[in-house]
Amino acid sequence: MTTDTILEVKDLKTYFYTENGVIPSVDGVTFDIKKGETIAIVGESGSGKSVTSLSIMGLVGSPGKVAGGEILFEGKDITKISKREMRKLRGNEIAMIFQEPLTSLNPLFTVGNQISESIRLHQKASKEEAKKIAIEMLKKVGIPRAEKIYSSHPHLLSGGMRQRVMIAMALSCNPKLLIADEPTTALDVTIQAQILELMRNLSRENDTSIMLITHDLGVVAEMVDKVIVMYAGQVVEHTDVYTLFKDPKHPYTKGLLDSTPKIHELKEELQSIEGTVPPPGSIPVGCRFNTRCPYATEKCFSETPELTEVSPNHQVRCWLHEEGEVAI
Ligand SMILES: Nc1ncnc2c1ncn2[C@@H]1O[C@H](COP(=O)(O)OP(=O)(O)OP(=O)(O)O)[C@@H](O)[C@H]1O
Ligand code: SF4
Ligand SMILES: [Mg+2]
């Protein structure tokens, strides 16, 4: 690990132990994030993106657990630290904007109470100062009548408004790593742009690393350095954003890019690859993408490809790109 690496995920396995058997939702995922770097995790629904981020946050609930691998934050394996240490790290050094904001705000306290509490904890501000910063932050994420919202309870707000409050809260504690799971899907396009701009500024000003989970390849093209493409619990392609758009290698990545409308009309979800991600309980033998891949050969149905370096900083999991095979 180099000293500028903030997070290193090594061969992460997160499994759910259900009545119907073991579900390997994240199955040997490896990547790292450098200081100040923004990476994106993309992939269709069910590919394991949220479970990967919850694993990093130490928030995978029963019946799931991290069953293998390491998650090194500033060099320390955080899968092995105590619950207390993890709580300290969370919302302090690592903050997360959840895909589902309803569950992550406390219904008993006002919005202002929760944000200023978090600010006071992290910025050593007085009560008055914290209130001022909180209201400023609420305005920054596009909340109208911020003073009024400050005194409201979360359940009185719309879903979009709650999401903005969550974002304000995550940003206000100046984390070293911000994990944002589909942070703007529920918001309208103008607010989306504002929030992403805010995240980008945060990253620039404070050297914050960002792990962004998104379906929106337009956002990826605009604001990330590296991209990880996940399929059925595994990384299938991993490279810098420029290479991903210019020279995608994995048939799945190509499918995702082909199904994305052109830049100016980029707000739709990925949808034109036929079929769906196999549920973790019924993963096919061989390559996990074989049921949907237009290039599949016999070998793809019997042997499993490994994630392989095809050029410096470009890894692909596909038999077409193993040494000696014909590349597409
Ligand atoms: N509590 C759970 N119990 C059993 N299986 C689960 C649980 N949580 C997630 N999974 C399974 O793990 C797989 C990955 O889920 P995950 O939520 O990470 O997908 P995702 O990539 O975030 O999808 P989306 O884009 O829809 O948010 C899914 O197939 C899901 O069914
Ligand atoms: S290994 Fe085979 S099935 Fe899998 S993506 Fe490559 S060509 Fe397609
Ligand atoms: Mg998700």
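Me: By the rule for salt bridges, what does the count come to?

Reply: Side chains of opposite charge can pair when their charged atoms come close. The rule used here asks for a side-chain nitrogen of Lys or Arg within 4 Å of a carboxyl oxygen of Asp or Glu. By this rule the count comes to 14 salt bridges. The model is predicted, so local features need pLDDT of at least 70 and side-chain atom pairs count only at pLDDT 80 or more, while totals for chains, interfaces and linings use all residues. Residues are numbered from 1 along each chain as its sequence is written, chains are lettered from A and ligands numbered from 1 in the order in which they are written, and side-chain values use heavy atoms, with hydrogens and water left out.

Me: Which side chain meets Lys-226 in a salt bridge?

Reply: Glu-37 does, at 3.3 Å from N to O. Lys-226 lies in strand β9 and Glu-37 in the loop between β2 and β3, so the pair ties together parts that are 189 residues apart in sequence. Strands here are DSSP runs of E with at least two residues, and helices are runs of H or I with at least four, numbered from the N terminus.

Me: Are Lys-226 and Glu-37 buried or exposed?

Reply: Buried means under 20% relative accessible area, exposed over 50%, and partly exposed in between, with a 1.4 Å probe and protein chains only. Both Lys-226 and Glu-37 are buried.

Me: How far apart are the closest N and O atoms of Lys-76 and Glu-85?

Reply: They are 3.1 Å apart, in a salt bridge. Lys-76 is partly exposed at 45%, and Glu-85 is partly exposed at 36%.
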